[in-house]
Each structure stands twice: as C-alpha cells, then as structure tokens.
Amino acid sequence: MVETAVFQKSKQNQYHCGDSYFYTETENEYICALADGLGSGEFAKESSEIVISIIKENIHATVEQLIKKCNQKLSGKRGAVIGILRIDFRTSSYSFSSIGNIGVITIGEDGKKKRNIPNTGYLAGYHRPFKVVSDQLDSVMNFILFSDGVTDKDLSQRFLLNRDVYQVTQTFANYAEKEIRTDDTTLIAIKYDD
C-alpha cells in the first residue's frame, strides 16, 4: 500500500553521513523514521544509528513511545533530531512527530502541500515536551521527510508534488548534483494508495 524512495548524500562528499533512516511495512502499518545526528561525521552517524536501531526493535510502538525510547537511549551521547511517520491501515490514519530540523510535508489527494513545523530541540536523554500530529488519510496521499540538508529553495521545486516517488527522488538527485551539499542531505518520498 506504500511506496518509498530515498535520496541521500553526505556533506561535502564525506565518507560518513550523519543521517540514518529506516522504513518498513507490515500487514497493519507502515513506519518511516529519519534521524540526523548532531554535527557531522562518525559521531553524528553513531547517534542517528542508535535512534534507528530502537525504532527497528519497536516497530509496533506508537510515535510517542518511540520518541521517548530514543530519547532515553541517547543519554550521554551527542544527540540527534528525528522525524517519525506511522500509517495505520486499520484506521486509515497517520501520525507523525518531528523534533529539530527534520521536516515533514503532507500532500493530500487535492495536491495541496502542507509543511509541518517541527518541535524545537533535539533528543539527548533529558525530558522535552513534543507534539504528535494525527489525521485521517486521503485515499491517495504523499509524504516527504527531509533533513536539514534540504533547503527552502529545494522545497519550493514543483517536482516534489509528483505522485511518483521514484521520479521525485530521481529529479531531486539530478537537481542536487549541481552543487556541493553543505550538510548531510536525505529526502524520503512516500506514497500511500489504498
């Protein structure tokens, strides 16, 4: 029921990318997470991979539970920002939360794009309030999750509205190749179609 395509490129072509992601679909749900470790390089990658490993181990948990578990595990680490999207096929609903500079855009059946404002801060082991957005799914709906390497100029491009997620990431890759990225860049295009 869900198609996913990903574009990822490390900052200034470095070996380690501080962004990590994971997605999976089961009979009843779909989950996608994007984490960006603070800073860049190997230690940033370590923090983002800790977050992703927790999500892999707890795919049936709610978005709120996942964020709390990830936050606990990052105590004493460099920290990370995160975006998590969960689609529940049984209730035809979705929920997401993003903390820090991970963005989420929803594109409804009518083609209208809505950019959601992330919660401020980052996960590093101490309690931080955050909100989870929940809503009903349209029969066809696209989502874009992106790290801070994706700029406002990038997000204004019309190709993001394309329903074909592979076309979105391929066009973004061609577009992004024109310049050296000053931050790790990950763009995940997701299409739900009942």
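Biologist: Which elements are included in what covers the buried residues of α1?

Modeller: In this predicted model, helix α1 spans residues 42-57, and its buried residues include Ile 50, Val 51, Ile 54 and Ile 55. What covers the buried residues of this helix includes β2 (19-25), β3 (29-37), α2 (63-73) and β4 (80-88).

Biologist: Which element gives the largest share of the largest nonpolar core, and how many residues does that share hold?

Modeller: The largest nonpolar core has 21 residues, and among those that touch the most other members are Ile 31, Val 51, Ile 55 and Ile 84. The elements that give two or more residues to this core are β3, α1, α2 and β4. The largest share comes from α1, with five residues.

Biologist: Is Arg 86 buried or exposed?

Modeller: Arg 86 lies in strand β4, and among the residues that Arg 86 touches, beyond those up to four places away in sequence, are Tyr 30, Ile 31, Leu 66 and Tyr 94. Because its relative accessibility is 9% and the cut-off for this class is under 20%, Arg 86 counts as buried.

How values were computed. Residues numbered from 1 in each chain as written. Predicted model: local features only at pLDDT ≥ 70, side-chain atom pairs only at ≥ 80, totals over all residues. Heavy atoms only, no water. Helix = DSSP H or I, 4+ residues; strand = E, 2+ residues; numbered from the N terminus. Expected span 1.5 Å × (residues − 1). Buried < 20%, exposed > 50% of the residue type's maximum accessible area, 1.4 Å probe, protein only. Contact = heavy atoms within 4.5 Å. Core = buried A, V, L, I, M, F, W, Y, C linked by side-chain atoms within 4.5 Å.
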